[in-house]
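Biologist: Hi! Could you walk me through this one while I have it open?
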Amino acid sequence: MTADAPRGVHAPPELVQLLTPEGERVEHPDYDIELTAEEVRSLYRDLVLVRRVDLEAVALQRQGELGIWASLLGQEAAQIGSGRALTDADMAFPTYREHGVAWCRDVDPVKLLGLFRGVSNGGWDPAEHNFHLYTIVIGSQALHAVGYAMGIQRDGAEAATIVYFGDGATSQGDVNESFIWASVFNAPIVFFCQNNQWAISEPLEKQSKIPLYKRASGFGFPGIRVDGNDVFACLAVTRRALQNARDGQGPTLIEAFTYRMGAHTTSDDPTRYRLADELEAWKLKDPIERVKAYLFKNQLADQEFFEKIDAEADALGKDVRSRCLALPDPPPRAIFDHVYAGAHALLDEEREQYLTYLAGFER
Amino acid sequence: MTTLTLAKALNEGLRRSMEDDPKVLVMGEDVGKLGGVFRVTDGLQKDFGEDRVIDTPLAESGIIGTAIGLALRGYRPVCEIQFDGFVFPAADQIITQLAKMPLRSLGTLKLPVVVRIPCGGGIGAVEHHSESPEAYFTHTAGLRVVACSNPADAYTMIQDAVRCDDPIIFFEPKRRYWDKADVDLAAPGLPLDRARTVRQGRDITLIAYGPMVKTCLEAAAAAEEDGRDIEVIDLRSLNPLDVDVLTESVTRTGRCVVAHEAPVFTGFGAELAARITERCFYSLEAPVLRVGGFSTPYPPSRLEDHYLPDLDRVLDAVDRSFAY
């Protein structure tokens, strides 16, 4: 592939796919999945709703209400498919783009927006959702996830851990160290790499000379590539890998082959480094359109269903917007809260001094 | 009373912590069968098993990163960084994750992780085995930073550190590992965030922590022959800082010298000097003086006696203080 050729447009042969971009079901000898019509409609609903939340967040950023936003556009199937594969007891460790997984773990989208608005650096209770806080430093969370999985091992619990990261993160030392740890301790973990082809402006070729899923073999565990725009395949492959982990068979690396259809974040300008043709080619592989086509073709949903979902999405967008705008700024004293679990004399002193200083303006 | 080396006191403290709480884990390079390169974890794996005393792959970021994950699952990991100069691959996990995650969670997460670091020089080691990186960590909000100086404190401080719900950088003075003292294994220790006045005096206050406490006590004993009555304070905790003990002492003596092995320039002594000056300005007869390493990388070991502040350099600073 030359540097300027549209990348990832032609699916490599090793890729697990259960639903074509045209909405045709295909069989796979190892990863087939039985889904009821209700389950497929439910997956479709999730895909549409998280895209709508994402769209609203981008708009809010453009209107100055969020400092920045990292869009998941194009990666909905990878996130909903893998997120829906989790049981309540499983634990997920996200990057800062896993809005779809957060949705699957019942995290209020407004809490995600709060982070990007700057009202907190996290803001939800990870234990309540078994969904860890967003991690902004690239790849750091992979080690946390492996450590957590080692804890699951020691507890003898029927659970697994999944950690999300991108193609760029596979170059990080922490991700490679996490592969080593998971391997030698046989930790119950799934490494879910969303290869969206771009690490801001750097294409995959800057990170790896081999397909990412093949990295796993060097560490001694299986790697598999799945069509990251196929929610059925992502669900099936992740479900299997999680079960293997729970059964004591150790880690799996899943490379979800997908595409970041938007910018890296709202601060980015992808027209400076990638071709419009590439985006157009990937639009034909859209993760939502293929499920819609499948539902239509198989008469599993009618026009009324799609209109209902669209209306629900619009209502969700409006709700998220109004609650985002209503988020109060934290009070100044909150700077000093939660830095330490216990009392800390220096912070107590600084808090008191600063609040006294502020009070001086109110006289 | 039991006579213990500082290393053995840490070992006994860790053993007690592991007996008291099944969630306490020890992890690091060579901490298992070998018992650590300084034998601080000697025998623990034999008695508590490989699941609780974990020989890790040789990667420091991995040690701290997985310890964070274990802590998130409810464990209390005690990590050993083999030598001070090897903590830097773990600095990212310590600074960006360990120190900040509780705040990120708005207090819903606690990270009771202890990072043990043998620190300082004086053992004739090769490069990267003699450093004093405490200021990097005292500058990082969210961490507690402590340094033990003697066997009795080592025994209680390590247990207090393990019980603490905040992440702690725990410095161990490696050239004092083999120092022996009587330790009362039943006696409660001073709270972890408190400084201790280890010698009372009227004329000047010497402030030290970790390996330099012994040096300062020796300097004080030598100065006594010259008629100078030196007070010595062992900080024990660098963050938070027990500033009231320092203020009371310097207000009374009017003079202060701070000693540490780390380079003086932007070292921890700079914070002490500034804070004491702010608090004790009208009582000071001389500026707070600092004695420490030079603004150079740690030298080859044949030169370390020149780099490390010894009794004479501490007393030279005392003389300079009195010359004002």
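**Domains, sheet and core**

Modeller: Happy to! Keep in mind that this is a predicted model. In chain B, the C-alpha centres of domain 1 and domain 2 lie 26 Å apart.

Biologist: How many residues does each domain of chain B bring to the contact?

Modeller: Domain 1 of chain B brings 24 residues and domain 2 of chain B brings 20 residues.

Biologist: And which element gives the most on the domain 1 side?

Modeller: That is β6(B), with 4 residues on the side of domain 1 of chain B that touches domain 2 of chain B. By class, that side has 10 nonpolar, 8 polar and 6 charged residues.

Biologist: Switching to the open sheet in chain B: what is the strand order?

Modeller: The order is β3-β2-β4-β5-β7-β6-β12 (chain B), 7 strands with mixed pairing. β3 (53-55) and β12 (237-239) of chain B are at the edges with a single partner strand each, so one side of each has no neighbour in the sheet. From one strand to the next, the twist averages 20 degrees.

Biologist: Do tell me about β5 and β7 of chain B. In which sense do they pair, parallel or antiparallel?

Modeller: Strand β5 (residues 114-119) of chain B and β7(B) are parallel, over 6 bridges. B:R116 has B:F170 in β7(B) as its bridge partner.

Biologist: Nice. Which helix lies across them?

Modeller: α7(B) does; it also lies across β2 (24-28), β4 (76-80) and β6 of chain B, and runs at about 165 degrees to β7(B).

Biologist: Last topic, the largest nonpolar core. Which residues touch the most other members?

Modeller: Of its 193 residues, those are A:I189, A:I254, B:V115, B:L206, B:C216 and B:V257. Helix α9 (residues 231-246) of chain A supplies the largest share, 10 residues.

How values were computed:
Residues are numbered from 1 along each chain as its sequence is written. Chains are lettered from A and ligands numbered from 1 in the order in which they are written. This is a predicted model: local features need pLDDT of at least 70, side-chain atom pairs count only at pLDDT 80 or more; totals for chains, interfaces and linings use all residues. Domain bounds come from an automatic or database domain assignment. Two residues are in contact if their C-beta atoms, placed from the backbone, lie within 7 Å. Helices (H or I, at least four residues) and strands (E, at least two) are DSSP runs, numbered from the N terminus. Ala, Val, Leu, Ile, Met, Phe, Trp, Tyr, Cys and Pro count as nonpolar, Asp, Glu, Lys and Arg as charged, and the others, Gly among them, as polar. A nonpolar core is a set of buried Ala, Val, Leu, Ile, Met, Phe, Trp, Tyr and Cys residues joined through C-beta atoms within 7 Å. A residue is buried if 20 or more other C-beta atoms lie within 10 Å of its own, exposed if 12 or fewer, and partly exposed in between; C-beta atoms are placed from the backbone. Two strands pair if DSSP finds at least two bridges between them. Axes are lines fitted to C-alpha atoms, for helices over the stretch in contact, and angles run from 0 to 180 degrees between N-to-C directions.
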